[in-house]
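Please read the following report with the chain displayed alongside the text. It goes from the overall division of the chain to individual elements.

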Amino acid sequence: MALKNSMKIDHSETTIDWAPALSVDGIRHYFSPTHAERPFLVLDDINLSIPKGSFVSLVGPSGCGKSTLLRVFAGLIIPTIGRAMLSGEPIEGPNERKGMVFQEDAVFPWLNVQKNVEFGLQMRGMGGRERAEVAREWIELVGLKGFEKSYPRELSGGMRKRVDLARVYASNPEVLLMDEPFGALDALTKLRLQDELLRLWEQSRKTVVFVTHDLDEAVYLSDTVVVMAARPGRISSVYHIDIPRPRRFETRATEQFTALAHRLWGEIEKLEASAGGSSL
Ligand SMILES: Nc1ncnc2c1ncn2[C@@H]1O[C@H](COP(=O)(O)OP(=O)(O)OP(=O)(O)O)[C@@H](O)[C@H]1O
Ligand SMILES: [Mg+2]
């Protein structure tokens with residue numbers, strides 16, 4: 001299973017399109033923090049090929065470079081060596097082909113739900129009537145029908161996250177890049193939103209790269225879980241999650257699920273111990 005900084009995700013048993021949506025081939029990235037004397041290697045020789053339509057999670061100890069790798073895919077960071085690719089083209093910067101969802105909500109407090117979801121579409125020049133229609137559809141799909149006129153301050157954290165999901169889905173990106181999107185939610189809301197996200201994903205089959213600290217969440221959602229090790233950030237191993245879909249709450253109680261989560265947990269514990277201990 002351990003592939004030494006390198007992986008090709010094998011989806012031969014699924015119906016996923018083989019052409020990789022996202023890939024990196026031996027990229028390296030150095031950061032130059034203000035306090036450090038020399039640049040430090042944050043991503044070391046990362047090879048990853050993510051098939052179109054698959055759901056891939058990145059897990060690993062805090063500081064191992066998960067967010068950095070996600071930002072490379074988003075085009076927010078250009079690696080020092082090598083380039084990330086989206087559908088065979090080098091990623092040179094952020095654009096509407098990549099949709100980002102962060103832990104913090106990316107909703108505008110001065111816009112109501114409808115206008116928040118319309119915002120990206122407006123930026124892309126979509127006409128008023130069409131974008132209102134698209135936004136309404138997505139608002140309904142994320143379960144916020146009736147809240148179109150509400151402002152973010154009038155919504156719960158879970159509802160704001162739903163607005164965020166509607167916002168990013170409405171823009172119709174090719175890939176969704178999510179950095180601990182449910183990390184700040186209470187346990188129950190998080191479980192609900194995981195199911196919502198799976199439902200949306202099953203309908204649209206967009207490629208998703210999902211960073212999380214929650215190993216149960218990673219196993220529940222993903223086709224593949226990529227484990228990263230720290231200092232320098234590198235791929236430690238890759239788990240193919242062959243739990244049948246659709247996955248439902250009861251899936252979490254199956255032996256297959258608990259065995260996989262347990263194996264992942266064991267590996268991360270080892271990684272932390274070998275790195276001198278850090279929190280997940
Ligand atoms: N802009 C930056 N400049 C310098 N160093 C950075 C920068 N961003 C991140 N780092 C460093 O790079 C390393 C990886 O950071 P990154 O945020 O990718 O980790 P992570 O795996 O997402 O961690 P966490 O799980 O805590 O979110 C860390 O040591 C961090 O301090
Ligand atoms: Mg992070």
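Predicted model: local features only at pLDDT ≥ 70, side-chain atom pairs only at ≥ 80, totals over all residues.

Residues are numbered from 1 along each chain as its sequence is written, chains are lettered from A and ligands numbered from 1 in the order in which they are written, and side-chain values use heavy atoms, with hydrogens and water left out.

**Domains**

The domain assignment, whose bounds come from an automatic or database source, gives domain 1 as 3–97 + 177–193 + 206–275 and domain 2 as 103–172. Their centres, taken over C-alpha atoms, are separated by 27 Å, and 13 residues of domain 1 are in contact (heavy atoms within 4.5 Å) with 9 residues of domain 2. In an unreviewed entry, UniProt lists residues 22–255 as "domain: ABC transporter"; such annotations may be inferred rather than shown by experiment. Over residues 22–255 the chain is 32% helix and 25% strand, with the end C-alpha atoms 32 Å apart; helices (H or I, at least four residues) and strands (E, at least two) are DSSP runs, numbered from the N terminus.

**The sheet**

An open sheet of 6 strands runs in the order β6-β7-β8-β3-β9-β10 with mixed pairing, where two strands pair if DSSP finds at least two bridges between them. Its edge strands, each pairing on one side only, are β6 and β10 (234–240), and the twist averages 20 degrees from one strand to the next. Strand β3 (residues 55–59) runs parallel to β8 (residues 207–211) and is joined to β8 by 4 bridges, with Val209 of β8 as the bridge partner of Val56. By contrast, β9 and β10 pair in the antiparallel sense over 6 bridges, and Val238 in β10 is the bridge partner of Val226. These two strands, β9 and β10, form a hairpin with 4 residues between them, and Arg231 in the turn has a positive phi of about 50 degrees. Of the 7 residues of β10, 5 are buried (under 20% relative accessible area, with a 1.4 Å probe and protein chains only; exposed is over 50%, partly exposed in between), so β10 is largely enclosed by the rest of the structure.

**Helices**

The spans of two helices are set beside the expected value, which is 1.5 Å times one less than the number of residues.

| Helix | Length | Span, first to last C-alpha | Expected span |
|---|---|---|---|
| α4 | 14 residues | 20 Å | 20 Å |
| α5 | 18 residues | 26 Å | 26 Å |

Because 12 of its 14 residues are buried, α4 is largely enclosed by the rest of the structure. The buried residues of α4 pack against β6 (98–101), α2 (113–123), α3 (128–141), β7 (175–179) and α5 (187–204), and just after α4, Asn172 takes a positive phi of about 55 degrees. In α5 the buried residues include Leu193, Leu197 and Trp201, and the cover over the buried residues of α5 includes β3, α3, α4, β7, β8 and α6 (215–221).

**Leu177**

Leu177 lies in strand β7 and is buried, with a relative accessible area of 0%. Leaving aside neighbours within four places in sequence, the residues in contact with Leu177 include Leu22, Leu70, Phe73, Met100 and Val209. Between Leu177 and Ala166 there are 14 Å in space, C-alpha to C-alpha, and the two are 11 residues apart in sequence.

Conventions
Axes fitted to C-alpha atoms, helices over the stretch in contact; angles between N-to-C directions.
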